[in-house]
Amino acid sequence: MVDRLVQQALLQVLEPIYEPTFSEGSYGFRPGRGAHEALRQASQYVAQGRSIVVDLDLEKFFDRVQHDVLMARVSRRVKDPRVLALIGRFLRAGMMQNGVCVQREEGTPQGGPLSPLLANILLDDLDKELEKRGHRFCRYADDCNIYVKSEAAGERVMTSATEFLEQRLKLKVNRQKSAVGQVRERKFLGHRLLTGGELGVAPQSQERLKDTLRELTGRSAGQKLSEVIEQVNQKFTGWIQYFRMARMKGLMQDIGQWLRRRIRCLRLKQCKRAHAMARFLMSQGESEPSAWMLALSGKGWWRLADTPQANRAMNLRWFKDTGLLDPEAVYLAARNAC
């Protein structure tokens with residue numbers, strides 16, 4: 001608690017000193033800037049014809065920062081030796097590993113209020129170098145994309161930027177994750193850039209959302225349906241707010257259908273016995289023969305959830321009454337509010 005308090009105090013003093021000097025291409029952890037601003041700028045670069053991206057990935061950036069390299073850059077503007085000594089103590093503070101305090105020789109304290117500013121101070125040298133060379137780029141913390149017009153130019157930029165990062169800043173570029181390619185084939189802040197600069201959702205981001213929703217709607221969690229729906233609403237509402245600038249109406253329709261089937265599957269399994277399932281279906285207006293036909297079926301839960309009986313009993317009105325939001329409607333409202 002004391003560490004965080006002192007780090008926050010340092011941040012409030014240092015941020016106004018450094019903030020005016022940072023590059024226009026830097027968006028991470030800065031007042032009035034964020035992921036959406038970075039994505040808007042990236043979209044403009046692609047719309048201008050820069051369809052090739054140099055996607056730089058720094059390997060374990062917050063764990064690999066060299067203290068002497070970082071402190072040399074901090075000391076360019078901070079001259080008070082007491083402040084420099086205090087920042088140095090934070091950098092060298094030990095960390096707990098398996099119950100043992102281990103001395104920190106490199107890296108910054110992750111999760112601390114001061115770490116994002118220190119990262120921007122270090123990587124500002126990269127920003128200034130890219131500006132000096134006339135490149136168009138967007139950097140969000142250690143995620144940097146440089147937009148060019150040809151693959152040959154991209155390869156040259158990748159080589160020179162990698163050399164600068166590794167020789168001047170003593171950082172390691174992850175060559176397996178870094179690449180030069182078409183913007184639509186790479187992802188930036190969970191998005192992918194489409195033709196003309198439009199935004200889409202990266203496939204990895206879609207899968208992570210579905211994985212989370214699968215976990216929340218698991219049929220063995222033992223939660224009440226109302227609790228499940230509340231958690232599901234919170235999750236995809238927050239997800240949509242982040243991705244609201246992307247073109248994803250069709251995706252939200254698909255997610256909505258898939259999610260409703262998951263909820264139907266969960267509700268049917270909560271009946272546990274054929275008699276309870278038949279009684280539930282009849283309470284929702286299904287005829288007795290039809291309800292018993294489904295209840296006595298030997299199909300698996302996932303197949304049962306897509307039967308005509310399940311769809312009629314748990315229709316859109318039923319989902320509205322249970323409180324489940326429609327992902328498509330939430331997306332369209334968020335999109336219109338942009």
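## Pocket, cavities and a helix pair

The lining of the largest pocket comprises eight nonpolar, two polar and 12 charged residues. Here Ala, Val, Leu, Ile, Met, Phe, Trp, Tyr, Cys and Pro count as nonpolar, Asp, Glu, Lys and Arg as charged, and the others, Gly among them, as polar. The model is predicted, so local features need pLDDT of at least 70 and side-chain atom pairs count only at pLDDT 80 or more, while totals for chains, interfaces and linings use all residues. Residues are numbered from 1 along each chain as its sequence is written, and side-chain values use heavy atoms, leaving out hydrogens and water.

The largest pocket holds about 430 Å³ of space. Among its 22 lining residues, Asp55, Asp57, Asp143, Lys177 and Lys187 are the closest to its centre. Two or more lining residues come from each of β1 (52-57) and α8 (203-216), and β1 gives the most, with three. Helices (H or I, at least four residues) and strands (E, at least two) are DSSP runs, numbered from the N terminus.

On a 1 Å grid over the protein atoms alone, a pocket is an open set of points with protein on both sides within 12 Å along at least five of seven lines, a cavity is a set where a 1.4 Å probe fits but cannot get out, and lining residues have an atom within 4 Å of a point. Grid points are joined across faces, edges and corners, and a volume is the space filled by probe spheres set on the points.

There are two cavities of 30 Å³ or more.

| Cavity | Volume | Lining by class |
|---|---|---|
| Largest | about 40 Å³ | five nonpolar, two polar, three charged |

The lining of the largest cavity includes Val53, Tyr147 and Phe188. β7 (191-193) and β5 (143-148) each supply at least two of its residues, and β7 has the largest share, three residues. Around the second largest cavity lie Leu126, Glu129, Leu130, Arg133, Ser160, Ala161 and Phe164.

The axes of helices α1 (residues 2-18) and α5 (residues 81-92) come within 12 Å and cross at roughly 135°. The pair is therefore oblique, the class left after under 35 degrees (roughly parallel), over 145 (roughly antiparallel) and 65 to 115 (roughly perpendicular). Axes are lines fitted to C-alpha atoms, for helices over the stretch in contact, and angles run from 0 to 180 degrees between N-to-C directions. In the contact (heavy atoms within 4.5 Å), Asp3, Val6, Gln7, Leu10 and Leu14 of α1 meet Val83, Leu86, Ile87 and Phe90 of α5.
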